[in-house]
Amino acid sequence: MIKDIIDDFFVIMPLCGFRETLTMSKDLKRYINDCKLLFPIYGTREKRFMEKIICNINHQNITYDEIVEQFGSPSEIIISYYNEQDDMYLIQRTKTYKTILTYLIILAAFLTLLASCSQS
């Protein structure tokens, strides 16, 4: 099942509109949040992937264990997602993340230094 979702990941197709029409159970929300937490970087591709997972889950009274049985554990989903991704995409995303993080640290240090100089 997860392999089918990954195979058609880049095929353009309308989403199920889960944000407008879906009331999710607590177990489904917990499963989705567990998956999101395991993504080191949660960008557009990862959001689309999770939307496809949500669209393929039968939303009516499904328990966490049934979701895991049907799709696999959150860690299995994330591992299979990254195994199917292009290496260059992953490298580029990691470099971008590190660059942004470095600039934010430099900015925070600069603002801290500026604030301490203005107080003197």
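1. Glu46 touches Phe39, Ile41, Tyr81, Tyr82 and Tyr89, leaving aside residues up to four places away in sequence; contact here means heavy atoms within 4.5 Å. This is a predicted model, in which local features need pLDDT of at least 70, side-chain atom pairs count only at pLDDT 80 or more, and totals for chains, interfaces and linings use all residues. Residues are numbered from 1 along each chain as its sequence is written, and side-chain values use heavy atoms, with hydrogens and water left out.

2. Glu46 lies in helix H4 (helices are DSSP runs of H or I, at least four residues, numbered from the N terminus). Glu46 is buried, that is, under 20% relative accessible area with a 1.4 Å probe and protein chains only, where exposed means over 50%. Even so, Glu46 has no salt bridge (a side-chain nitrogen of Lys or Arg within 4 Å of a carboxyl oxygen of Asp or Glu). Its nearest side chain of opposite charge, Arg93, is 4.5 Å away.

3. Now to the nonpolar core (buried Ala, Val, Leu, Ile, Met, Phe, Trp, Tyr and Cys residues joined through side-chain atoms within 4.5 Å). The largest one has 18 residues, of which Tyr31, Phe49, Ile57, Ile67, Phe71 and Ile77 touch the most other members. Helices H3 (26-38), H4 (44-56), H5 (64-71) and H6 (74-84) each supply at least two residues of this core.

4. Tyr64, Ile67 and Phe71 are buried in H5. The face of H5 turned away from its buried side carries the exposed residues Asp65 and Glu69. Just after H5, Gly72 takes a positive phi of about 105°.

Terms used:
Lys, Arg positive; Asp, Glu negative; His and termini not counted.
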